[in-house]
Amino acid sequence: MSGSSAAVEPALGAQILALLVEIAPDVDPAAVRPAEDFRRQFDFDSMDVFSFATALHAKFGLDIPERDYRQLASLEKCAAYVAAKLGDRHAPPAALKS
Amino acid sequence: MPSLGADMEAGTLVEWRVQPGAHVHRGDVMALVDTEKGIIDIESFEEGMVERLIVQPGARVPVGAILALFEGEPTKLAPPQSAARAQRVSPAARARAAQLGIDPQTLKGTGPQGVVTLQDIEQAPAGQGPPPSPAAGRAGIRNAIAVSMSRSKREIPHYYLQLTMDLRPALDWLEQFNASRPVPERLLLAALFNKATARAAAEKPGFNGYYGKAGFEAAKSVHLGVAIALRGGGLVAPAIHEADQKTLPVLMRELQDLVMRVRAGHMRSSEISSATITVTSLGDEGVDVVYPIIHPPQVAIVGFGSVVERPWAIDGRIEPRPLVSVTLAADHRVTDGRLGAQFLARIRDFLTRPEDL
C-alpha cells in the first residue's frame with residue numbers, strides 16, 4: 001500500500017519524528033513506518049492527532065485547519081503536507097507577480 | 001508512602017527526585033513510586049527542607065511508611081507506629097499468601113483487631129518482589145484493573161441506563177468555535193462531554209462521591225476521572241479536579257496534558273486516587289455503546305460511544321443526525337433509575353446548549 005510519491009526529506013522527517021515522540025513519548029521513533037497511518041501503528045486517537053497538530057503548529061508556525069488533520073495521518077503524508085505549506089509561505093503571493 | 005487508591009497496600013520506591021538539603025514546596029515532585037497503576041510522581045504534602053531520605057530506591061514499603069524526613073520535624077523521627085511491628089495473619093490467609101507469593105506483612109488487615117484475613121490476601125495485588133521492568137509494570141496495571149473491577153462486580157449492584165443524544169447543536173457550535181482559532185486553542189468533543197458530565201454530577205450529588213464503610217458520602221467537589229487507554233493495553237482514570245468549575249478551554253488543556261503525562265508514565269499522586277465520578281469514551285474505537293463498570297469506591301460512571309450519523313425523527317420528519325449513545329452505570333445502593341434518568345437528561349441538556357457550558 002505504498003503508492004505515495006516522494007520519500008520523506010530526511011531533515012524534515014527527523015524534525016517531525018522528534019515532535020511525534022514529544023507528544024507520544026511511549027512511541028519508539030525507530031519503529032515508525034513512514035507510509036503507515038499513525039492510528040494503525042500506534043493506536044492514535046483524536047487527542048493524539050490534536051496534540052500532534054498543536055506541536056506542528058508550534059514548531060513550523062503553520063495554520064492547520066481541522067479539515068486538514070487527516071493529511072497528518074502518517075509520516076509521509078505529514079512531511080508532504082508540511083513541505084507544501086512551508087513552500088506556499090515562501091513563494092511570492094500571486095497578486096505580486098506581474 | 002501515600003495511599004494512591006483504595007486497593008493500594010504498598011509501593012516500590014523507584015527514584016528520588018530530591019536530595020537532602022533540597023528545599024521543596026507543596027506539590028513538588030519528590031520521588032517516583034511504582035504501583036499497580038504504573039509509576040506515579042509523588043508530590044510533597046508540605047513545604048520545607050529535606051533532612052534525610054529514609055527509604056532506598058528498589059525498596060517496597062507499605063502504605064503509611066515514612067519515606068523521608070523534613071528538617072525541624074523531630075516528632076516524625078519516632079514513627080507513630082513502629083513499622084517493624086508484626087502484622088497478625090490468620091492461618092488460612094498465611095497459607096494462601098505463601099501459595100500466591102504474597103508477603104502478608106505488607107498488607108493492612110481488615111479482620112478483627114486488624115488481622116489479615118483470607119479475603120485480604122485474595123484481594124492483595126500480586127507481583128511483589130524486585131523492582132519492576134516495563135513488562136512487569138504492564139502486568140501490574142492489568143492486576144490493578146482485575147482487583148478493582150472484581151471488587152466492583154462483587155460489591156456494587158449496578159443499574160444501567162442509556163440515552164441517545166442528537167449532537168448537531170454541539171458539533172455545529174464546536175466547528176464554529178474551532179474555525180476562528182489557531183490549533184492550540186481548539187477544543188475536542190471530549191472536552192464538552194467531560195464538562196457536561198461534571199456539571200450534571202454537581203447538580204445530582206447521588207452520583208458524585210464515595211461509598212465507604214459508613215455508606216455513601218457525597219463529595220463537595222466534582223473531581224472527574226477520565227479513563228485513558230495506554231498503548232498496548234491497560235487503562236488508568238486519573239482525575240481532573242473541580243472539572244465543573246473550569247472553562248472548556250482550561251478543561252481541554254488539562255485533558256491534553258493529562259493524556260500525555262499518563263502515557264509517558266508521569267501521573268501525579270494528587271490525580272490518581274481522587275476521582276469522584278468517571279467518564280469513559282470509546283468513540284474513537286467505533287463502538288455504538290459502552291457498558292462501563294463503576295470504579296470503587298465511586299458510585300457512577302458515564303460512557304460515551306461513537307458519534308454516528310443516523311436517521312432521526314424530528315418535527316415529524318426523518319433527518320440524518322450525528323447521534324451518540326450515552327450510558328450511565330450507577331450504584332443501586334445510592335440511587336434509583338428515575339434519578340439516573342434525570343442525570344442523563346441533564347447531560348443531554350448541557351450538550352444541547354454548548355454555548356452555556
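**Contacts, interface and sheet**

Modeller: In chain A, 64% of the contacts with a separation of 6 or more are between residues 24 or more positions apart, a contact being two residues whose C-beta atoms, placed from the backbone, lie within 7 Å. The model is predicted: local features need pLDDT of at least 70 and side-chain atom pairs pLDDT 80 or more, while totals for chains, interfaces and linings use all residues. Residues are numbered from 1 along each chain as its sequence is written, and chains are lettered from A and ligands numbered from 1 in the order in which they are written.

Colleague: In what order do the elements of chain A run from the N terminus on?

Modeller: Helices (H or I, at least four residues) and strands (E, at least two) are DSSP runs, numbered from the N terminus. Chain A has 4 helices and 0 strands. The order is therefore α-α-α-α.

Colleague: Which helix gives the largest share of the side of chain B that touches chain A?

Modeller: The contact involves 17 residues of chain A and 14 residues of chain B. On the chain B side, 5 residues come from one helix, residues 248-264, namely H6.

Colleague: Which strands are the edge strands of the open sheet in chain B?

Modeller: The sheet has 3 strands, in the order S2-S5-S7, with antiparallel pairing; strands pair if DSSP finds at least two bridges between them. S5 (residues 48-53) is joined to S7(B) by 3 bridges. Those pairing on one side only are S2 (23-24) and S7 (68-70).
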